[in-house]
Amino acid sequence: SKDKLQKVAKLLQFKAQLGGDEGKHVFVLKTAKGTRDYNPKQMAIREKVFNIIISCFKRHGAETIDTPVFELKETLTGKYGEDSKLIYDLKDQGGELLSLRYDLTVPFARYLAMNKITNIKRYHIAKVYRRDNPAMTRGRYREFYQCDFDIAGQYDAMIPDAECLKIVYEILNELDLGDFHIKVNDRRILDGMFAVCGVPDEKFRTICSTVDKLDKMAWEDVKKEMVNEKGLSEDVANRIGEYVSMQGGQDLAEQLLQDPKLSQNKQACAGLTDMKLLFSYLELFQVTDKVVFDLSLARGLDYYTGVIYEAILSQTIPAPAEQNGADEAAVSVGSVAGGGRYDGLVGMFDPKGRKVPCVGVSIGIERIFSIMEQKAETSSEKVRTTETQVLVASAQKNLLEERLKLTSELWNTGIKAEVLYKKNPKLLSQLQHCEETGIPLVAILGEQELKDGVVKLRNVASREEVDVPRADLVDEIKKRTL
């Protein structure tokens, strides 16, 4: 029958697609390019980092939200400038056209506009996706966590902006990653500078993306890109070069307000006046020792409208042994946090164009994991992957029921306890399990202990043992492990 023939044809076609046996495709078990698994040790480190960051966000009064991993393609279009080519589009399956989120800021703006929210202080920790060429040694991936804190709402100038910088300062201090500094600049100062140097209006954004590369490339190369690829005259590029080499603090803002060219530009003046105000608040927050006003800071994203900042670690970390090529000898970690003010983004989504001013910061959590993991490798301290406080053990046979009963009693009072899944385990193997996993205490049951209504509590590290009345066991364990 015709039906049967069609089926056979389909099967033959399928077999042809699979290829004959001669060229058998060997399936390699691996994670996709630019992604990674986290083993229990890495997760323990990650949890520690998250806890420090979240407690800082909460200390500053933030709420949290969550949004879908994919958005309508249109939501993400036109928000990222030259980086738009890095967005992952999902395959069109006959429904809506969708893309994986590229960051958490655009979904946040969509959320505010959609729900007509005019002020909120929120943090959001979630995975984002970029079709980047990943440098995994430097903690750059195609799937990675972002960790954002944003303040949306109409407030007086620079107060929320200063708090964002204070948050970056607190988190980097508490994570103890070594010396760092925070660069600040302002989009209005940059735009004003481009204007007075003679950059045509329509080239502001693309020249901004080029200036943003100054932390990775020498000025000569950046200048080449401006002249050869972006079509600026040598003259204009040289003028930009004079400005972008400047850095300082409040004093530099005052000096630039007197600059014969910049002071003639309204936008630049507004930015510089705000910069002075920002530094006065940072002084009160006691963070000026780490903050530098740096005219070369550009941050490539299109949506920034005011203050921008980036935190940079001063140290380099040694590259993992297997990648020790000449170019990877020491990995400079670079930026570990960045952000700024984006007053127009929510308005892009609002049918009436109502603006909600926002300022925020993104903590570069993957880079931080990389450093923490390498610190753990070199540290003599073992990273515990469980939180078990006590192992319930026995030295004699036929005590499984008693061990299970005691374990259950401990669980019911909130003690983190384990028991080996064997009827008659050897005492030695029970103690070894504690050594390996870092369990600090063993509660040992024996015939005699059961008769006397006590439990022998053994400290794994010091090996000292003490008989504890069964009724006092929970308090004793808590006292020793909390």
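The side chains of Glu254 and Lys276 meet in a salt bridge with an N to O distance of 4.0 Å, a salt bridge being a side-chain nitrogen of Lys or Arg within 4 Å of a carboxyl oxygen of Asp or Glu. Glu254 lies in helix 10 (residues 250-257) and Lys276 in helix 11 (residues 266-284), so the pair ties together parts that are 22 residues apart in sequence; helices (H or I, at least four residues) and strands (E, at least two) are DSSP runs, numbered from the N terminus. The model described here is a predicted one, in which local features need pLDDT of at least 70 and side-chain atom pairs count only at pLDDT 80 or more, whereas totals for chains, interfaces and linings use all residues. Residues are numbered from 1 along each chain as its sequence is written, and side-chain values use heavy atoms, with hydrogens and water left out.

Glu254 is partly exposed at 37% relative accessibility, and Lys276 is likewise partly exposed, with a relative accessible area of 28%, where buried means under 20% relative accessible area, exposed over 50%, and partly exposed in between (1.4 Å probe, protein chains only). Side chains of opposite charge can pair when their charged atoms come close, and the structure holds 31 salt bridges. Another of these is formed by Asp89 with Lys73, whose closest N and O atoms are 2.9 Å apart. Asp89 lies in the loop between helix 3 (73-76) and strand 3 (98-100), and Lys73 in helix 3, so this pair ties together parts that are 16 residues apart in sequence. Asp89 is partly exposed, with a relative accessible area of 43%, and Lys73 also counts as partly exposed, at 33%.

A further salt bridge joins the side chains of Asp467 and Lys456, at 3.3 Å from N to O. This pair links distant parts of the chain, with Asp467 in strand 18 (residues 465-469) and Lys456 in strand 17 (residues 454-459), 11 residues apart. Asp467 has a relative accessible area of 42% and is partly exposed, as is Lys456 at 21%.

Strand 9 (residues 307-313) has 7 of its 7 residues buried, so it is largely enclosed by the rest of the structure. In a regular strand the side chains alternate between the two faces of the sheet. Both faces of strand 9 are covered, with Val307, Tyr309, Ala311 and Leu313 buried on one side and Ile308, Glu310 and Ile312 buried on the other. Strand 9 is joined to strand 6 (residues 180-186) by 7 bridges, and the two run antiparallel; two strands pair if DSSP finds at least two bridges between them. The bridge partner of Asn185 in strand 9 is Ile308. Strand 9 also runs antiparallel to strand 12 (residues 335-341), to which 5 bridges join it, and Tyr309 stands opposite Gly339 in strand 12.

Rings of Phe, Tyr and Trp (its six-membered ring) pair if their centres lie within 6.5 Å, with planes under 30 degrees apart counted as stacked, over 60 as edge-to-face and the rest as tilted. By this rule the count comes to 9 aromatic pairs. Among them, Phe50 and Phe369 form an edge-to-face pair, 5.8 Å centre to centre with 75° between the planes. This pair links distant parts of the chain, Phe50 lying in helix 2 (residues 40-59) and Phe369 in helix 13 (residues 365-378), 319 residues apart.

Ile415, in the loop between helix 14 (400-412) and strand 15 (417-419), is buried, with a relative accessible area of 3%. Not counting residues up to four places away in sequence, Ile415 touches Gln389, Val390, Leu410, Val474, Ile477 and Lys478, contact meaning heavy atoms within 4.5 Å.
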